[in-house]
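Have the viewer open and follow along.

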Amino acid sequence: MDINWGTLAGVFAISLGITAVVVVLFSLGLTAWSRTGHGSPTSHPPGLRHQKTATATALLCFASCLAVAGYGIGLIVTG
Amino acid sequence: MDSFSFLLVAVILTALAFDFTNGFHDTANSMATSIATGALSPRVAVAVAGVLNLAGAFLSTEVAKTISGGIVEDSQVSLVMIFAGLIGAILWNLVTWLLGLPSSSSHALFGGLIGAVWVGAGGSAVRFGAIIEKIVIPAVASPVVACVVALLATYLAYVITRRTSRRAVGKGFRAGQIGSASLVALAHGTNDAQKTMGVITLALISTGALSHGAGPPWWVVLSAGLAISLGTYAGGWRIIRTMGKGLTDIQAPQGFAAETSATAVILASSHMGFPLSTTQVCTGSILGAGLGRRLAHVRWGVAGRIAVSWLLTLPAAAAVGGVAAWVADQGDLGVALVAVVALAAAAGFYVLSRRRPVNPENVNETPAPEPATTVKPAA
C-alpha cells in the first residue's frame, strides 16, 4: 500500500487555485458587465468612457475564463 | 466464430447494461445543479449531457490494461467472474437509483468484481492494500477536497457580486453554468465509457477473439458510447432531484461554483494520477456550495444517507457479485439463471419506481420534507 499524499495535496492545491481564479474572473466579469448598463436598470446611465472600460474588463474576464475552459477541454481530449 | 460463446455474449450484453446504468446514474453529476437553477430545462440538459458523453467516448479510447487496475489478482479473473461482478454492480446501481442516492458506478463494479473473485478464486486473490489505496482513501478524500474548493468558490462568487443586481448575477451565472456543466459531462464520457470498453475488450482478448494488447474494435467503442449516452439521456431523475434539490437549496452562483470546482478537481486528479470518483467529487462540491452561501439550508440527513450508501457500495455489490459468481460457475445454465434473476430484479425495481415517479416535470420539486439545518453564516 503506497498512498501518495503529496499528489493528493497537489490535486487539492491546484484545483483550489484554478477554481478560485475562474470564479473570481467570472464574478468580476459579471460585475463589470452590469456596469456597462446590461442587466441593471440604473437611473444614471454611466459615462461613455466608463462604459468602455467596464465592457473591456468584462470581455477580458470572460475571455480568460474561456481560455481556462479551453485548456480543460485540451486536457480531456489528450487524456 | 467459436470464440463467441454464450458466456462471452452474456458478458458483453451485461457490460453494456452496466454502461447504461452508469449513464443514468451519473447524469446528475453534470446536470443536477443546472436543472435546479433553471440554467437548462430538464430535457435539454439530459440531451446535452447525452451528446457530450457520446463525444467523450470517441475522444478517448485508451482503455484500461487490466479489468480491476490491481485491486484483485487480474490473472485469476475469469469471464464468469466479470459477468458476476457486472451483475453485482448493476443491481447496486439500480437499488441506489430507486432510493435516489448518487453512488459511484466504478466502486460498484470494483465491489462486484471483488465478491466474484473472492468466491471464484479465494480471498488471497483480493488485494486489500490496493483496495484501501485505490478505493477507500480516494472515497474519503474526494468529497472533502471538492467540498472545501466549492465552499471557497461559492463564498468568493457571492462576495464579489454582492453589489451587483441579483437579476444580472443570476442570468450571468446561469449562462456560465451551461459551460461548466458541459465540461463535467465531456470529462465523464471520456472516463466512464472507457471503463466498459475496457471490460469488453479484455473479455474478447481472454477468449482469443482479439489478440493481446489490441485496442477496442469500432463496434465496442460505438456500442459503449451509445449505451452510456442513452443512459445519460434517460436521466436518472431520482438522483438529479436529490443532488439538485435534496442536499441543499441551489442558486445560480452556487451551481456555477459547484460545477467549476467539480471540473477542476476531476481534471486535476485524473491528470496528476490520483483518480477520484466523479460522483463523490460532484456530491462534495454541491455540499460545499451549500455551506458557502449565507443562510443556505443543508439537509444533513440527506448527506448522511448518501454517505451510508457509499460505505455500503463495496460490500453490497461484493455480496451480490459473490453469489452470482457461485451460481454462474455451474455452467451456461447458471449464467442464464443469474441473468434471468437480475432481469426480474431490474423489472421489480422499475415497477417500484413507478409508485413515486420522478420525471422531467416534477424533478425540481423538493423531496419529502425533512428537518433542515440552517448553516451559520459563512459569508
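In chain B, helix H1 (residues 6-37) and helix H9 (residues 252-271) have axes that come within 9 Å and cross at roughly 170°. Axes here are lines fitted to C-alpha atoms, for helices over the stretch in contact, with angles from 0 to 180 degrees between N-to-C directions. H1(B) and H9(B) are therefore roughly antiparallel to each other, the word used for angles over 145 degrees. On the H1(B) side the contact is made by B:Thr33, B:Ser34, B:Ala36 and B:Thr37, and on the H9(B) side by B:Ala252, B:Gly255, B:Ala258 and B:Glu259; being in contact means that C-beta atoms, placed from the backbone, lie within 7 Å. By class, these residues are 3 nonpolar, 4 polar and 1 charged (Ala, Val, Leu, Ile, Met, Phe, Trp, Tyr, Cys and Pro are nonpolar, Asp, Glu, Lys and Arg charged, and the others, Gly among them, polar).

A word on conventions: this is a predicted model, in which local features need pLDDT of at least 70 and side-chain atom pairs count only at pLDDT 80 or more, while totals for chains, interfaces and linings use all residues. Residues are numbered from 1 along each chain as its sequence is written, and chains are lettered from A and ligands numbered from 1 in the order in which they are written.

Now zoom out. Chain B holds 12 helices and 2 strands, taken as DSSP runs numbered from the N terminus (helices are H or I, at least four residues; strands are E, at least two). With a radius of gyration of 20 Å, close to the 21 Å that the globule rule gives for 379 residues, chain B is as compact as a globular protein of that length; the radius is taken over C-alpha atoms, and the rule is 2.2 Å times the number of residues to the power 0.38. Buried residues make up 60% of the chain, buried meaning that 20 or more other C-beta atoms, placed from the backbone, lie within 10 Å of a residue's own.

Helix H3 (residues 79-98) of chain B is mostly covered, with 17 of its 20 residues buried. Just after H3(B), B:Gly100 takes a positive phi of about 70°.

Finally, turn to the partner: 43 residues of chain B are in contact with 33 residues of chain A. H5(B) gives the largest share of chain B's side, 12 residues. That side has 24 nonpolar, 15 polar and 4 charged residues.

Notes:
Angles under 35 degrees count as roughly parallel, over 145 as roughly antiparallel, 65 to 115 as roughly perpendicular and the rest as oblique. Two residues are in contact if their C-beta atoms, placed from the backbone, lie within 7 Å. A residue is buried if 20 or more other C-beta atoms lie within 10 Å of its own, exposed if 12 or fewer, and partly exposed in between; C-beta atoms are placed from the backbone.
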